[in-house]
Amino acid sequence: VEANDNCPSEVVELVKSQHDVANDWDADGERLRELGGSPWSWIRLTVAQNPFAPEDVLMRLATDELFKVRLGVGKNPNSSARVLGVLAEESDKEIQSIVVEHPNTTEEILHQLFFSCKYEIQKRDNLPVSILERFFREAATDKPWEHQYLNLLLEQENTPTWILAEFANNVDIEELTAKAIDSQESSPVIENLETFLGYETDFLTDIAKHPQISADILENLTQYPTSQLKFDIAENSKTPEELRISLLQELSVNSKVHI
């Protein structure tokens, strides 16, 4: 438009000057409110992207007719939970995903978008306990090592102790041993059965290191016959001293060289 000789230069200058204000982090709030209602989408988008735009302006722009303006609000680091709640009502998956990733998104909004943005929610750190419990119950199984969200739940710091107990207390070691034997027979290069059993029970070592682990769960984990797991239990500060000494004495004579 600017290159078109028929475009009045004063119009170009007006748009440029408004854009400069909309893009200014020190701009006056009233001026941003005015520009948030601009007929030019480029100006409204720039206001939507300004991290110091007033909440009421972002709230209005969250329902803008243009997708890119609403998306700009969703990516604005200063968008409040109230503004994000408006955007969460969108049916567009891209905007929903942006809302899920936003640091100001609340637990309530995550529940609202749980089914439509499950994959995106899994990528967040420090998920609320209620969301983690929802993941656990959705894929509940009597074989915890096959749980669909096992890795997610063991990687998240807020996973409650009762879920860790469910994983630790319901392990069929005979089934996993049989599975390890099958793996050993198909890979004759490695003859040590414990190595294969360690692969199948690797999630137990993650449980033993989890910040929400309890002493009772740690003690229960000692029943499983892998030396790496027992060493991880011995290293955990929550392990009772008597149990720690017992495990170290056992591992000093009945384990691999590196342990």
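The crossing of helices α12 and α15 is left-handed. The two helices pack at an angle of about 145 degrees, and their axes lie 10 Å apart. The model described here is predicted. The points below cover this helix pair, alanine 208 in α15, and a nonpolar surface patch that includes Trp40.

**Helices α12 and α15**
- Two packed helices are described by the angle between their axes and the distance between the axes.
- Helix α12 spans residues 161–169, and helix α15 spans residues 202–209.
- On the α12 side, the contact is made by Leu164, Phe167 and Ala168.
- On the α15 side, Phe203, Leu204 and Ile207 take part in the contact.

**Alanine 208**
- Alanine 208 belongs to helix α15.
- This alanine counts as buried because its relative accessibility is 1%, and buried means under 20%.
- Leaving aside residues up to four places away in sequence, alanine 208 touches Ile213, Leu218, Leu221, Leu229, Asp232, Ile233 and Asn236.
- Arginine 44 is 164 residues from alanine 208 along the chain, and the C-alpha atoms of the two are separated by 52 Å.

- Tryptophan 40 sits in the loop between α2 (29–35) and α3 (41–49).
- Its relative accessibility is 33%, so tryptophan 40 counts as partly exposed; that class lies between the limits of 20% and 50%.
- Together with Val11 and Leu14, Trp40 makes a nonpolar surface patch of about 230 Å².

Definitions and conventions. Residues numbered from 1 in each chain as written. Predicted model: local features only at pLDDT ≥ 70, side-chain atom pairs only at ≥ 80, totals over all residues. Heavy atoms only, no water. Patch = residues over 30% accessible without salt bridge, like charges linked within 9 Å, V, L, I, M, F, W, Y side chains within 5 Å. Areas by Shrake-Rupley, 256 points an atom, 1.4 Å probe, with all protein chains shown as cover. Salt bridge = Lys/Arg side-chain N within 4 Å of Asp/Glu carboxyl O. Helix = DSSP H or I, 4+ residues; strand = E, 2+ residues; numbered from the N terminus. Buried < 20%, exposed > 50% of the residue type's maximum accessible area, 1.4 Å probe, protein only. Axes fitted to C-alpha atoms, helices over the stretch in contact; angles between N-to-C directions. Left-handed = near helix turned anticlockwise from the far one by under 90°. Contact = heavy atoms within 4.5 Å.
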